[in-house]
Amino acid sequence: MTDVTSAKSARRPHHWRRDLVELAALFTAVAVADALANMIAHGPDGPFLLVASAVALAATAAFHTWWARRHSQAPPTPGAGGTTAGAVTSPDPGVREGREATETTLWRMRTTVRDEPGSLAALCTAFAAHRVDILTLQTHPLADGTVDEFLLRAPASLQAKDLTREVSAAGGSSTWIERADTHDLVDTPTRVLGLATRTALDAAELPLALRQLLGRCTIHSRPAVSVTGRVTGETAPVEGVLDGTSMRLRDPNGGSITVERPYLPFTPTEFARARALVELDARLGPRIPRSQDVLTLPQGEEITVRRADSHDLDAALALHRRCSDRTLGLRYHGPVGDADRYLNHLLSPRFGRTLTVETASGRLVALGHLLWDGDETEVALIVEDAWQRRGIGSELLGRLVALAVEARCGSVYAVTQASNTGMVAAMRGLGLPLDYQIDEGTLVITARLDRTAAGTPAPYGDAVLLDHEQAES
């Protein structure tokens, strides 16, 4: 505040006329006082002259005060750097520039620099020249250089191509850039610990944790034995294999986990992190959350919704034996001769998440699958014939979509037959944008996910299942 006041005072113009009037008033007051003193000392009207002198001094002081206030508090003239009352002026260019600078964009950038002193400093200088703020920085040492990974906050007017060009001029190569969001503001150690915790609580989280750890990539879990019983030969060394834009890790459940990321090679640091996460999963063994929801159907029956795994294989097989050929055909798009092998694959937490519905007596009457399919996610439902048209399928579908939203999936799709009007109605009931593709009677419905549009399941505990039309397969 002191600096601002001094600056304003320094810009105020000097009024020489005010100083001249003050000096003249001072001389006049001294002369009048001297004359009155002589008259009082030598004249008979001393008291009258004293009163007159007091009035004259008071009038002089009042005039001086009025003059000082008028000229010291008058609004500055436009030429003096101020504005007159009621005048409309354009904002200072610096103010406009500051307002524009408040609009920023988050970027994730990765670039390779030479492993020599000053390389990082050159990048930081280029960022500073364009008012780009470095929020986080990770370094990945290589044999012939260093990969620097930045989280940047840049002015909104700065385009990705301009930022890449400046980095290239500062010595960066193989530069990759994409938009970031608020989830990326978490520092790397905190994010890694969070992913490890999620993996420790749920085996199905491993593919999702790897994807969030490594960024935009495709993950394939390939079993050692196919669903038809054929040995696939898929395996990987214990230490894993790193090959440029691809890495292979040994799956603790048998088989291998392949991670691919086009155009952006994995670094040894990323490979070590991914391998540590897989080793954690292997040490903890099979596990799923044991929480459950108890719901009440419109007809009054109570059902329980919970996560399922391979321990539910026998109950799931019994469910399939009770289902009609039509229900099985709508679910599997044809006859099912190896349901036990399909189910063993579907119930594995490595390939997705499965929800099951049980009656009060413990009888399994419905299954809902959320299956990881590379970059995409599939949903599939089957409900026992006697329990269809009660809202169970729609409840499962809504919960599966909520799980997909939680996993930050961009979309989910369902494969069914064009005659399955119930599944179409259930997908429409999600209230999400839908795309339809039909080929020789096979219908693929894709729902684009929105965090605000997709509903989340009720907290675990007692709840009421709403009655709405639904398809059960």
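**Stop one: α8 on α9**

Select Leu206, Ala209, Leu210, Leu213 and Leu214 in α8, and you'll find them meeting Glu270, Arg273, Ala274, Leu277, Val278 and Asp281 in α9 (contact means heavy atoms within 4.5 Å). Colour them by class and you get eight nonpolar, no polar and three charged residues (Ala, Val, Leu, Ile, Met, Phe, Trp, Tyr, Cys and Pro count as nonpolar, Asp, Glu, Lys and Arg as charged, and the others, Gly among them, as polar).

Before moving on, a word on what you're looking at: this is a predicted model, where local features need pLDDT of at least 70, side-chain atom pairs count only at pLDDT 80 or more, and totals for chains, interfaces and linings use all residues. Residues are numbered from 1 along each chain as its sequence is written, and side-chain values use heavy atoms, with hydrogens and water left out.

Now show α8 (residues 205–214) and α9 as cartoons: they pack at about 160°, with axes 11 Å apart.

**Stop two: α7 on α9**

Next, pick α7 (residues 188–201) with α9 (residues 268–284), which pack at about 25° with their axes 10 Å apart. That makes α7 roughly parallel to α9.

Which residues of α7 meet α9? Select Thr188, Leu195, Ala196, Thr199 and Ala200; across from them in α9 are Arg273, Leu277, Leu280, Asp281 and Leu284.

Note on methods. Axes fitted to C-alpha atoms, helices over the stretch in contact; angles between N-to-C directions. Helix = DSSP H or I, 4+ residues; strand = E, 2+ residues; numbered from the N terminus. Parallel < 35°, antiparallel > 145°, perpendicular 65-115°, else oblique.
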